[in-house]
Amino acid sequence: MITLYQFPRAKNFPNLSPFCCKLETFLRASKIDYKTESTRNFKRNPKGSIPYLGYKNEIIGDSTLAVNQLNKDFSNPLDGHLSAEQKAQGVAIQTMMEDHLAQCLSYFRWVDAEVWPNFRNIIFKGLPAPVMAIVPGMLHRRAAKRLKIRGMGMHTRQEILDFAAKDIEAVSVLLGSKKFLFGDRVSSFDCVVFGVIGNILKEPMASPLTELARKYPNLQAHTQLMLSTYYPELNQ
Ligand SMILES: N[C@@H](CCC(=O)N[C@@H](CS)C(=O)NCC(=O)O)C(=O)O
């Protein structure tokens, strides 16, 4: 049995991690049997991140590598109908979503002076005071450092917001009036968009990113469709 190691479920959304959400949605949409194990243990993954997949007695330590492997072993369950051009567009959308917009998301959640305190109070709610005094601050500093190393963290709040606005507008234009990115059938790239845009739309606290994404009814419809189709138990 395939095991998806991921963060615990969020309240009204599959996962606060876009990457966990993408991978679980891919598994569900592909009708591949799996079980989940909630974890916050990054160290079990040699790549030091979450999610990771327990597959054929090995760990696949990255959501995209996991999707690639599953595509190989399960005959490309979601993307077989795409043309070469659509696949290329999917790759470009994925890079924009996961390597750019997800960093903007990370900045607002973990670093921004206005949003971070509210995010912290929600996700660490109920932690014993001594842990609360140490862990959130440590993760806040680590996120800020990582974002600087990657480049995004060198920009101002407004610049990051402007980057995000362009990405969100671009994915809305590409989706257009279609149900899914490439028409009436879901693709693995819809799982990617759902992971990032869905997380932005369903933030548990106020965020300027959420305000940006709410301007696009087609993105809201896409998130709702993915939620109701693949996570009926979350009762959206
Ligand atoms: N490329 C990885 C990215 C996964 C990722 O960045 N996960 C975040 C949580 S959303 C993480 O584990 N970060 C490591 C850390 O915070 O130490 C994937 O697609 O699986």
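Reader: Where does Ser-75 lie?

Author: Ser-75 sits in the loop between helix 2 (63–73) and helix 3. Helices (H or I, at least four residues) and strands (E, at least two) are DSSP runs, numbered from the N terminus. This is a predicted model, where local features need pLDDT of at least 70 and side-chain atom pairs count only at pLDDT 80 or more, while totals for chains, interfaces and linings use all residues. Residues are numbered from 1 along each chain as its sequence is written, and side-chain values use heavy atoms, leaving out hydrogens and water.

Reader: What is phi of Ser-75, and is the residue buried or exposed?

Author: Start with the cut-offs. Buried means under 20% relative accessible area, exposed means over 50%, and partly exposed lies in between (1.4 Å probe, protein chains only). Ser-75 is exposed, with a relative accessible area of 62%. Its phi is near 55°, a positive value in a residue other than glycine.

Reader: Where does Lys-56 lie, and what is its phi?

Author: Lys-56 is in the loop between strand 3 and strand 4 (58–60). Phi of Lys-56 is near 45°, a positive value in a residue other than glycine. Lys-56 is exposed, at 59% relative accessible area.

Reader: Is Ser-207 buried or exposed?

Author: Ser-207 is buried, at 3%. Its place is the loop between helix 7 and helix 8. Now look at its contacts, meaning heavy atoms within 4.5 Å. Leaving aside neighbours within four places in sequence, Ser-207 is in contact with Phe-108 and Val-115. Turn to helix 8 for another case: Glu-211 is found there. Glu-211 is exposed, with a relative accessible area of 56%.

Reader: Which peptide bond is cis?

Author: The bond from Ile-50 to Pro-51 is cis, with omega near 15°. Pro-51 belongs to the loop between strand 2 (34–38) and strand 3 (52–55).

Reader: Which residues are around the ligand?

Author: A residue is near a molecule or strand if one of its heavy atoms lies within 4 Å of it. Around this ligand are Phe-7, Ser-17, Phe-19, Phe-42, Gly-48, Ser-49, Ile-50, Pro-51, Asp-62, Ser-63, Arg-142 and Arg-146. By class, that shell has five nonpolar, four polar and three charged residues. Here Ala, Val, Leu, Ile, Met, Phe, Trp, Tyr, Cys and Pro count as nonpolar, Asp, Glu, Lys and Arg as charged, and the others, Gly among them, as polar.

Reader: Which polar side-chain atom lies 2.5 Å from a ligand oxygen atom?

Author: That atom belongs to Ser-63. For Arg-142, a polar side-chain atom lies 2.6 Å from an oxygen atom of the ligand. For Arg-146 the distance to a ligand oxygen atom is 3.4 Å. Taken alone the ligand exposes 510 Å², and the protein buries 73% of that. Such areas come from the Shrake-Rupley method with a 1.4 Å probe; for residues, only the protein chains shown count as cover.

Reader: How many residues has the largest nonpolar core?

Author: A nonpolar core is a set of buried Ala, Val, Leu, Ile, Met, Phe, Trp, Tyr and Cys residues joined through side-chain atoms within 4.5 Å. The largest has 39 residues, and Met-97, Leu-101 and Ile-197 have the most contacts inside it. Helix 3 (84–110), helix 4 (115–123), helix 5 (129–150), helix 6 (157–175), helix 7 (188–201) and helix 8 (208–213) each supply at least two residues of this core. Helix 3 gives the most, with nine residues. Apart from this core lies another, of 27 residues, among them Cys-21, Leu-23, Ile-32 and Leu-70.

Conventions. A polar contact is a pair of N or O atoms within 3.5 Å; within protein, one must be able to donate a hydrogen and the other to accept it, and residues adjacent in sequence count only if both atoms are side-chain atoms.
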